[in-house]
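Hi,

Here is the structure I promised to send over.

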Amino acid sequence: MVNVSEIFGSMVFNDAIMRQRLPREVYKSLTNTIAIGKPIDVSIANVVANAMKDWAVEMGATHYTHWFQPLTSVTAEKHDSFISPIPGDKVVMDFSGKELIKGESDASSFPSGGLRETCNARGYTAWDPSSYAFIKDGTLYIPTVFCSYTGEALDTKTPLLRSMEALSEQALRLLRVFGDNASERVITSVGAEQEYFLVDKEVYNRRPDLKYAGRTLFGAPAPKCQELEDHYYGPIKTRVAEFMAELDSELWKLGIASKTKHNEVAPTQHELAPIYANTNVAVDQNLLIMDTMRRVAEKHSMVALLHEKPYAGLNGSGKHNNWSLGTDTGKNLLSPGKSPATNSQFLLFLSAIITAVDDYQDLLRMSCATAANDHRLGADEAPPAIISIFLGQELEEIVDSIIGDSPYTAKAKNTMNLGVPLVPTFRYDSTDRNRTSPFAFTGNKFEFRMVGSSQNIALPNIVLNTAVAKVFRDYADRLEGCSDVELEAKKIIKENLGSHRRIIFSGNGYSKDWPIEAEKRGLLNLKTSVDAYACLTEEKNIDLFTSFSVMSAHELFARQMIMYETYSNTLSIEAKTMVDISLSQILPAIEKYLSVLCKNAKMKSDMMLDKNAIKFERDVIEKLSLLSYSIFDTANELEAANTRANQADSAADEANSYKETVAPLMSVLRDVVDEAEKITAREFWPLASYGDLTYWA
């Protein structure tokens with residue numbers, strides 16, 4: 001039996017370990033750095049490094065690594081041992097403050113969008129004291145930022161930390177005008193729900209498309225998919241439960257508060273939800289969650305699929321980014337309180353977020369744009385590509401009363417009585433939830449549901465933090481020095497709610513009428529990632545990021561180029577995989593089956609049976625022959641289109657070419673192959689079927 005309280009955080013150099021192992025003044029200085037961002041002294045770093053090393057060695061570690069987040073959506077690490085030679089051909093275990101603070105890596109080999117050329121290779125990693133070091137597989141992992149030799153951010157952590165500072169600074173200005181002089185920091189917190197699929201390793205090995213692309217590029221539907229919704233919240237199968245138990249245990253050791261686990265809607269789809277953490281830590285922990293899922297699944301002869309849409313026709317996977325705002329003194333700034341209609345501070349913060357989401361809806365859409373997420377958005381399990389805000393009935397009525405200068409009458413809190421005496425009555429929420437909304441208020445936080453399951457959640461939070469910081473700054477500029485703060489705040493609230501009412505939508509985001517209505521409202525509908533990437537370097541967006549020094553124009557253009565290149569590379573890999581499977585596996589399999597059918601037909605004809613005796617063979621031979629011709633022609637056409645797209649003059653042109661020419665051909669080839677699968681005998685078909693993939697447990 002796992003003793004959770006005993007193992008929780010046991011592999012983390014956390015506050016309790018630091019308090020125990022560091023001298024009092026060193027501990028105080030380090031925690032001050034973490035709490036308020038005070039610069040750390042090198043002499044302090046030496047003491048911390050030695051204590052870190054001693055603890056890590058005692059825990060069985062032999063190496064350390066600066067763990068960072070290059071612009072690849074995954075993490076990177078270079079491992080160095082603690083050994084240091086001494087006279088007598090011996091070694092000691094050593095680790096200095098200099099080694100803790102700074103590391104070096106090859107900056108040009110990671111995606112840089114032109115920030116670094118191969119001849120300018122040096123890059124630096126620098127310790128992030130606000131995210132605890134931890135031990136994994138015998139190595140001490142030290143969370144770090146990653147920058148070029150000339151100081152450009154080549155990672156996601158650096159701009160995230162900058163955005164958090166920007167938001168805290170501007171939010172504090174607002175709190176001060178409301179008389180809060182106790183709070184020193186405003187902290188954004190995130191709880192990222194992680195959806196994923198599991199597949200048996202043996203079945204996975206019979207799907208080269210899953211290996212290369214992370215999703216099935218072919219696959220006829222199984223007789224039963226998710227129609228009965230019997231998997232959702234259903235009993236967890238024994239083999240999966242054993243995986244989940246070990247996953248929880250490993251995450252708890254790393255100090256990750258894995259709280260909830262359940263079956264999701266699609267067969268073999270599941271969800272894990274942690275408790276909230278400071279946004280920087282939450283990003284690190286989510287990356288660790290994904291990595292740990294893969295490692296633990298491997299031990300159980302399974303593979304964890306984090307792609308947004310591994311199976312066509314089944315629900316895809318998202319990563320709901322629950323975002324909240326609070327102070328270091330424990331106040332939740334998004335809590336409406338008992339009387340939200342008269343809570344000016346809450347309404348001011350709420351109106352600022354509404355304004356930010358409307359003004360920067362393009363950036364929020366862009367922050368979730370990937371080739372993989374394009375397959376998910378707008379389907380029946382994910383919000384549409386149109387950004388809107390769901391507030392719930394109570395808050396929406398309050399907003400409309402403010403805009404219309406009409407009185408608001410609070411409704412009584414209702415209790416639910418189910419008419420079963422033994423079931424207690426309970427108070428139900430003031431509003432329902434809206435799963436079709438990309439950005440929904442859920443009591444005292446916002447849930448950004450558009451984020452994809454494989455994404456690093458840093459970028460959506462960078463955008464959100466910076467956009468909100470900008471509106472906070474605008475508000476603070478008006479309120480500071482104002483003679484009547486309450487009156488001016490009410491003016492600001494009314495003006496901004498009126499100007500941005502269009503972004504609030506409580507209806508069904510899946511409705512065919514919503515895109516039409518959204519267009520009337522002037523809301524953007526950026527249907528594909530390529531459409532969304534273009535907005536990153538628009539003048540207003542460059543101004544946003546540069547005005548808070550979150551990212552420079554140079555860094556933004558570099559990231560945009562990487563996005564285009566990643567999109568193109570993703571589709572290129574998928575196209576090449578489809579061509580390879582079609583020509584080397586699918587067509588030979590069809591030919592073998594056709595050969596058998598022809599032999600059977602000839603045998604029956606030789607026996608002079610009735611003409612109808614070979615109707616099955618004749619019809620299937622005719623259909624499969626036509627399909628095989630189409631597969632061959634389309635595969636060759638796809639290969640040629642892939643080559644042409646790859647020769648485009650710019651990254652943007654290349655991505656657009658993949659979107660407009662390669663992607664449609666991929667759909668055509670898939671349709672033809674899937675049709676062939678339906679009439680080819682299973683013993684001849686080379687790929688594991690959708691039934692094999694989704695009903696193995």
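**The sheet and its helices**

An open sheet of six strands runs in the order β13-β9-β15-β20-β19-β16, with mixed pairing. At its edges sit β13 (277-278) and β16 (389-390), each of which pairs on one side only. Before going on: this is a predicted model, where local features need pLDDT of at least 70 and side-chain atom pairs count only at pLDDT 80 or more, while totals for chains, interfaces and linings use all residues. Residues are numbered from 1 along each chain as its sequence is written, and side-chain values use heavy atoms, leaving out hydrogens and water.

On terms, helices (H or I, at least four residues) and strands (E, at least two) are DSSP runs numbered from the N terminus, and two strands pair if DSSP finds at least two bridges between them.

Within the sheet, β9 (residues 186-192) and β15 (residues 321-327) pair in the antiparallel sense over seven bridges. T188 has L325 in β15 as its bridge partner. Helix α11 (residues 344-359) packs on the sheet and touches β15, β16, β19 (439-441) and β20 (446-448); contact here means heavy atoms within 4.5 Å. The direction of α11 makes about 170° with that of β19. For angles, axes are lines fitted to C-alpha atoms (for helices, over the stretch in contact), and the angles run from 0 to 180 degrees between N-to-C directions. Helix α15 (residues 458-479) lies across β9, β15, β19 and β20, at about 40° to β15.

**Helix against helix**

α11 also packs with helix α6 (residues 157-177), at about 155° and with axes 11 Å apart. That makes α6 and α11 roughly antiparallel to each other (the cut-off is over 145 degrees). A171, L174 and L175 of α6 meet Q345, L348 and F349 of α11. By class, that contact has five nonpolar, one polar and no charged residues. Ala, Val, Leu, Ile, Met, Phe, Trp, Tyr, Cys and Pro count as nonpolar, Asp, Glu, Lys and Arg as charged, and the others, Gly among them, as polar.

α15 packs with helix α16 (residues 485-499) at about 145°, their axes 10 Å apart. Y475, R478 and L479 of α15 are in this contact, with α16 giving V485, E488, A489, K491, I492, E495 and N496. The class count here is five nonpolar, one polar and four charged residues.

**One serine**

S401 is in helix α14 (residues 393-403). Its relative accessible area is 9%, so S401 is buried (under 20%, with a 1.4 Å probe and protein chains only). Leaving aside neighbours within four places in sequence, S401 contacts S406, P407 and Y408.

Cheers

Note on methods
Buried < 20%, exposed > 50% of the residue type's maximum accessible area, 1.4 Å probe, protein only. Parallel < 35°, antiparallel > 145°, perpendicular 65-115°, else oblique.
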